[in-house]
Amino acid sequence: MEIITPDFGFIFWMTLAFGIVFFFIAKFAFPVIGKTLKNREQKIAESLEQAERIHEEMQNIQAKNEELLKKARGEREDILNEARISRDKIIEEATAKAKEETTRLVESAKETIENERKAAMTDIKNEIANISIKVAEKILEKELSTDEAQLNYIKDIIKETDNQ
Amino acid sequence: MCLLFGTQSFAFAENEPEEEFKAGEVIIEHILDSYEWHIFTWKGHHVSVYLPCIVFNEGKCYTFSSKVFHENEVYKTVNKTNSEELVFTIPHEGKYKSKIVILNADGSQIRPFDISITKNVLALFISCTLIIVLFYLVTKAYKERGEKAPKGLQSLFEWLIVYVRDDIARKAINEKSVDKYLPYLITVFFFIFINNLLGLIPFFPFGANITGNIATTAVLALFTFFITNLLGNKEYYKDIVNTPGVPWFLKFPLPLMPIIETVGCFTKPFVLAVRLFANITAGHIVVLGFISSIFIVAKISMAGGIGMSVFSLILAIFVDCIELLVAYIQAYVFTLLSALYFGMASKEHHH
């Protein structure tokens, strides 16, 4: 029976001791612990959320980067293409111009040559004419040294003129 | 641990070499409270801590060491009320067995108002000091480390505190009122758990049977009872008076359900008290029983005693391991059921 009979003295001390422990924990220990735990949990939750957000942002940035890279690559391709086209065009133009220039130069050279030739011909002609005149003069001097010869010659000319 | 249990029991055996070894008495002596704390016996010489006795008679306080009963059967002092002789004694049998009584001239015994610092009270003070120191250290760690990860003792306590909070309190009590009950649940959990564990350490100044004392569990249950009923909301009382979900004829004309519910308010904490008391006491009895059986068999034959000690030690170790589990489970069950009662007293109806 004794074992299941609560002793009053012990109940007294137990109430006091447990009350003190309860008071200490409820008043001093738990508020600090509970608050810290709550704060830490909140911090962890926030950190996780932030990490998630950063991860998402990173992904976004990566996607953006990739897009930019893609765009840049496309642009590079375009630029290269354009450059190629313009290069070809330049070359073509240059070739055409060069050709034209050559042609022009050849033309002008030809013209110069022609002119030179013409000038030379003229000179030659003149020279020939001069020579011829001199020759003719000499011949005429010689042939038409007599009046008869002169007369014959006039006759011939008249004849020739008549025949015409 | 069990070896030390062995030493303890061996001390009891050597204690009365001429007398027969009475296992039952030894065990009950351990389970019950005493005015001195017997540590061990060396060559027939008792080594005990004699604790102060504090008794009140007719409004006057008398304090003396329990050593007086070791030296003499009775302790004679002057009655502070009428200056006559006042005789205190501890009877070995009868209604007030092992308790301080006042012996009247005609031989009748009066039990005075007795708040002596007994073995259990001292053990209680030690364990409560330990709990407060532990919580102080943990709180300090929380203050110092702030929101950093817990370390050492703090980690162990955090694990248990978070367990009580998340798996016991938050599951049983609604979100709004859980913070109100949490400090009590944590106190009760650590109080029972630490006292259970200290009760398993068989040497001084531990090994007292605090949580296996009906007064301890009764006080804890009363705390739960008062907290449940004083903090109970309107819904809780309405449910007691007008229990929902039962046919009307159970409430009128004979208020059967209200009576059952009201009785339930008292039986719930009563069951709490008895469960904890019985589990812890049973554990102590079983371990001591196994150890005692060594001496019982050894009385008959020495060889048998040696054989028995191996067998008993293995079983006692096994039971001690189970007791470790029980120490935790009982703390858990008491806390969980308290939380459930609080949950019932603070639940909100969702129509």
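Two residues are in contact if their C-beta atoms, placed from the backbone, lie within 7 Å. In this predicted model, 37 residues of chain B are in contact with 32 residues of chain A.

**The side of chain B that touches chain A**

- Four helices of chain B each supply at least two residues of the side that touches chain A: helix 4 (119-145), helix 5 (153-172), helix 6 (178-200) and helix 7 (214-230).
- Helix 4 of chain B gives the most to this side, namely twelve residues.
- Sorted by class, the side of chain B that touches chain A has 24 nonpolar, eight polar and five charged residues.

**Overall organisation of chain B**

- Chain B contains ten helices and nine strands.
- Along the principal axes, the C-alpha atoms of chain B fill a box of roughly 75 × 55 × 50 Å.
- Chain B has 351 residues, of which 36% count as buried.
- When contacts in chain B between residues at least 6 apart in sequence are considered, 61% join residues at least 24 apart.
- The domain assignment divides chain B into domain 1 (2-49), domain 2 (52-114) and domain 3 (119-345).
- A distance of 35 Å separates the C-alpha centres of domain 2 of chain B and domain 3 of chain B.

**Helix 5 and helix 6 of chain B**

- The axes of helix 5 of chain B and helix 6 of chain B come within 10 Å and cross at roughly 125°; the two helices are therefore oblique to each other.
- The crossing of helix 5 of chain B past helix 6 of chain B is right-handed.
- On the helix 5 side of chain B, B:Ile161, B:Val164, B:Arg165, B:Ile168, B:Ala169 and B:Arg170 meet B:Val178, B:Tyr181, B:Leu182, B:Leu185, B:Ile186 and B:Phe189 of helix 6.
- The residues of this contact divide into ten nonpolar, no polar and two charged.

**Helix 4 and helix 6 of chain B**

- Helix 4 of chain B and helix 6 of chain B have axes that come within 10 Å and cross at roughly 125°, which makes helix 4 of chain B oblique to helix 6 of chain B.
- Helix 4 of chain B passes helix 6 of chain B with right-handed crossing geometry.
- From helix 4 of chain B, B:Ser127, B:Leu130 and B:Ile131 meet B:Phe190, B:Phe191, B:Ile194, B:Asn195 and B:Leu198 of helix 6.
- The contact of helix 4 of chain B with helix 6 of chain B has six nonpolar, two polar and no charged residues.

Methods: Residues are numbered from 1 along each chain as its sequence is written. Chains are lettered from A and ligands numbered from 1 in the order in which they are written. This is a predicted model: local features need pLDDT of at least 70, side-chain atom pairs count only at pLDDT 80 or more; totals for chains, interfaces and linings use all residues. Ala, Val, Leu, Ile, Met, Phe, Trp, Tyr, Cys and Pro count as nonpolar, Asp, Glu, Lys and Arg as charged, and the others, Gly among them, as polar. A residue is buried if 20 or more other C-beta atoms lie within 10 Å of its own, exposed if 12 or fewer, and partly exposed in between; C-beta atoms are placed from the backbone. Axes are lines fitted to C-alpha atoms, for helices over the stretch in contact, and angles run from 0 to 180 degrees between N-to-C directions. Angles under 35 degrees count as roughly parallel, over 145 as roughly antiparallel, 65 to 115 as roughly perpendicular and the rest as oblique. A crossing is left-handed if the near helix is turned anticlockwise from the far one by less than a right angle, and right-handed if clockwise. Domain bounds come from an automatic or database domain assignment.
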